[in-house]
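Let us walk through this structure together, beginning with the ligand and then moving out to a handful of residues elsewhere in the fold.

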Amino acid sequence: MRNVLIVLSGPSGVGKGTIANKLIERNSNLALSVSCTTRNPREGEIDGKHYFFISKEDFKDKVKNDGFLEYSEHFENFYGTPREFVETKLQSKDVLLEIDVNGGLNVKANYPKAILIMIAPPSEEELYARLIGRATESEEKIKLRMSRLNFELSQSDKYDYTVVNDDLQKAIEQIEEIIKYEKNK
Ligand code: 5GP
């Protein structure tokens, strides 16, 4: 059995974070990659756990030194997957990346064995309700995130799998089946 690199993508608010955390809790051979970002921490977010929160200068240095497996800009901030962090973890465990669609496709280009999984919402209305419920952001920002919804989902056909998050438990079990299948391939 090989260790696999799994990418979870999908629109903001679709439940990627919850799914990723549950998968990590339930699977001791699975490690979550921690991305670097230049955005400010939201309430409750911990440096080194949710993200490595770094300055724009440090981010640029890391880009120059080829320190990212992929990186991109969203909402005027930069996000990147630290190369060394992922490569070291992959030696002993499966690794889960929770990143956007462009990032996922860039990872696949660099590392074709990566397994890309799109998490889709049951409906657009449900996703909007979830973002409002989360109440961490202004309406304007929520609208900006919603505008990316169709773009993200339009890329599903480039992904290896799409899992609809209408039932959290079912979605998690489907992803576990995918990982099991891919590890044994
Ligand atoms: P948020 O600010 O809500 O945490 O994340 C904004 C967006 O950045 C989300 O779509 C999230 O998936 C994406 N993102 C988080 N980490 C990375 C990363 O390492 N690389 C890329 N390309 N996108 C990321």
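**The ligand and its surroundings**

The ligand sits in the largest pocket. A pocket here is found on a 1 Å grid over the protein atoms alone, as an open set of points where a 1.4 Å probe fits, with protein on both sides within 12 Å along at least five of seven lines; a molecule sits in a pocket if more than half of its atoms lie within 2 Å of the pocket's grid points. Please keep in mind that this is a predicted model, in which local features need pLDDT of at least 70 and side-chain atom pairs count only at pLDDT 80 or more, while totals for chains, interfaces and linings use all residues. Residues are numbered from 1 along each chain as its sequence is written, and side-chain values use heavy atoms, with hydrogens and water left out.

Which residues come closest to the ligand? It is surrounded by 16 residues, and the closest are S35, R39, Y51, Y79 and D100; a residue counts when one of its heavy atoms lies within 4 Å of the molecule. This shell divides into three nonpolar, six polar and seven charged residues. In that division, Ala, Val, Leu, Ile, Met, Phe, Trp, Tyr, Cys and Pro are nonpolar, Asp, Glu, Lys and Arg are charged, and the others, Gly among them, are polar. Two strands, β5 (68-74) and β6 (77-82), each supply at least two residues of the shell. Strands are DSSP runs of E with at least two residues, helices are runs of H or I with at least four, and both are numbered from the N terminus.

Now look at the polar side chains. S35 places a polar side-chain atom 2.7 Å from an oxygen atom of the ligand. A polar side-chain atom of E70 lies 2.7 Å from a nitrogen atom of the ligand, and one of H74 lies 3.3 Å from a ligand nitrogen atom. Taken alone, the ligand exposes 510 Å², and the protein buries 93% of that; these areas come from the Shrake-Rupley method with a 1.4 Å probe.

**The loops on either side of β5**

D66 lies in the loop between α2 and β5, and E76 in the loop between β5 and β6. Most residues other than glycine have a negative phi. Yet D66, which is not a glycine, has a positive phi of about 60°, and phi of E76 is near 70°, also a positive value. D66 is partly exposed because its relative accessible area is 48%, whereas E76 has 64% and so counts as exposed. Buried means under 20% relative accessible area, exposed over 50%, and partly exposed in between, with a 1.4 Å probe and protein chains only.

**Two buried loop residues**

G10 is found in the loop between β1 (5-9) and α1 (16-26), and it counts as buried because its relative accessibility is 3%. G10 and I99 are 89 residues apart in sequence, but their C-alpha atoms are 8.1 Å apart in space.

N165 belongs to the loop between β9 (161-164) and α8 (168-184). What does its side chain reach? The side chain of N165 reaches the backbone oxygen of V14 at 2.9 Å, a polar contact (a pair of N or O atoms within 3.5 Å; within protein, one must be able to donate a hydrogen and the other to accept it, and residues adjacent in sequence count only if both atoms are side-chain atoms). N165 is buried because its relative accessible area is 6%.

How values were computed
On a 1 Å grid over the protein atoms alone, a cavity is a set of points where a 1.4 Å probe fits but cannot get out, and a pocket is an open set with protein on both sides within 12 Å along at least five of seven lines; lining residues have an atom within 4 Å of a point.
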